[in-house]
Amino acid sequence: MDLDQKRRVEFADSLALARQSVVSTRDLHRAGMTGRAIAAAVRSGSLTRLRTGWFVPASAWDAVKPDARHLTAVVAAQRVAPSRIVFSHRSAATLHRLPVWSRWLADEPGPEDERWLSETRVVHTTGESGARRVPEPSRVRHRESLSAADVVRVDGFACTSIERTLFDIARSEPFPIALACIDEALRREVSRGRLVDRERWAAWRERMLGRARAYAGRPGARAVRALALLADPRADSPLESGSRLRFLQCGIEVELQHEVFGADGRRYHLDFWLKRQNLFGECDGKIKYVDVELLNGRSADDVFFAEKLRQDAVSGAIMMRGVRWAARHVVTGARFAAHLRSLGVEVPGRATRVFGADVAGFLDALP
């Protein structure tokens, strides 16, 4: 099972569990629970309140990842207003299976991560401005118009199209997360295995740039334009997307998935090739050593040793030194630059100008 298939299966399982688990106050009353008993269950932690009148057993909520938690909140919101709600932003990204909830940037759990986890209960919708409504802590309403082409249905939910969702994510989410989402969406659009349709890539970029031009002068327009230019379908994971961003911020030009033949005669694809330096780079996400399906019956030690042999095979054949980093090293541009320097990599320290002065200025200004 490849990664895309794995994600589709995980999404289908999460959606089925969410639909089974979400219950209303009426459902709980029918099961014999009084209002006082419901309140006591929420206080004790055995029942999680998603929004007014809608709950999920804490055992079902605590056992799943953040994206599955948010999907559960989306199910509850749809049951409140099934015909009048268009999910957008993070909620639409979740329905499109984009990595908007990826926490590859997190180094150590902290207050910010707790705040972020609490936001899995808050759904996002977009619609025309209308009469004032009572604010809902469990829902963010975005007052914008949507064209007919901007609205699609995904597994029974009305939500923004994937391109409109990317446009919204670019304006609302941290740039590294938006880049990971846009890389993933572009990869699905223009790639088949390792083959990339360059014409479709160019057409996709022009559509996103058109959205940026139409939105020029308003908050987030520069981010949309930068993402349109920086998106790369060859990124295999959010960690690779974030690593590429840090390289660009450091002023280092890289090529993704550079093909080489190792000393063992096998074909390899390097995560990163540092074009102007005699180096290649590999990012090591923890998932490859702990995910049961990715391990495929091997131990973490087996995988680690195989990675070492791979690096030796590449280095021996092309006479190029390899450097490695983990997710914790790309939390910030400064940390990544320090890690590279500690490995003897030359780091200019200013964003690359290969995408133009405007994008370079944007990258230099990123927090």
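## Basis of the model

Local features in this predicted model need pLDDT of at least 70, side-chain atom pairs count only at pLDDT 80 or more, and totals for chains, interfaces and linings use all residues. Residues are numbered from 1 along each chain as its sequence is written, and side-chain values use heavy atoms, with hydrogens and water left out.

## The sheet and its helices

An open, antiparallel sheet is formed by 3 strands in the order β1-β3-β2, where strands (E, at least two residues) and helices (H or I, at least four) are DSSP runs numbered from the N terminus, and pairing requires at least two DSSP bridges between two strands. Because β1 (23-24) and β2 (47-51) stand at the edges with a single partner strand each, one side of each has no neighbour in the sheet.

Antiparallel pairing joins β1 to β3 (residues 54-57) over 2 bridges, and V23 has F55 in β3 as its bridge partner. Helix α3 (residues 35-44) packs on the sheet and touches β2 and β3 (contact meaning heavy atoms within 4.5 Å), its direction making about 100 degrees with that of β2; helix α5 (residues 66-80) also touches β2 and β3, at about 55 degrees to β2. Such angles run from 0 to 180 degrees between N-to-C directions, with axes fitted to C-alpha atoms, for helices over the stretch in contact.

## The α9–α11 pair

The axes of α9 (residues 175-190) and α11 (residues 221-230) come within 10 Å and cross at roughly 45 degrees, which makes α9 oblique to α11. In α9, F175, A178, L179, I182 and D183 meet A223, A226, L227 and L230 of α11.

Conventions:
Parallel < 35°, antiparallel > 145°, perpendicular 65-115°, else oblique.
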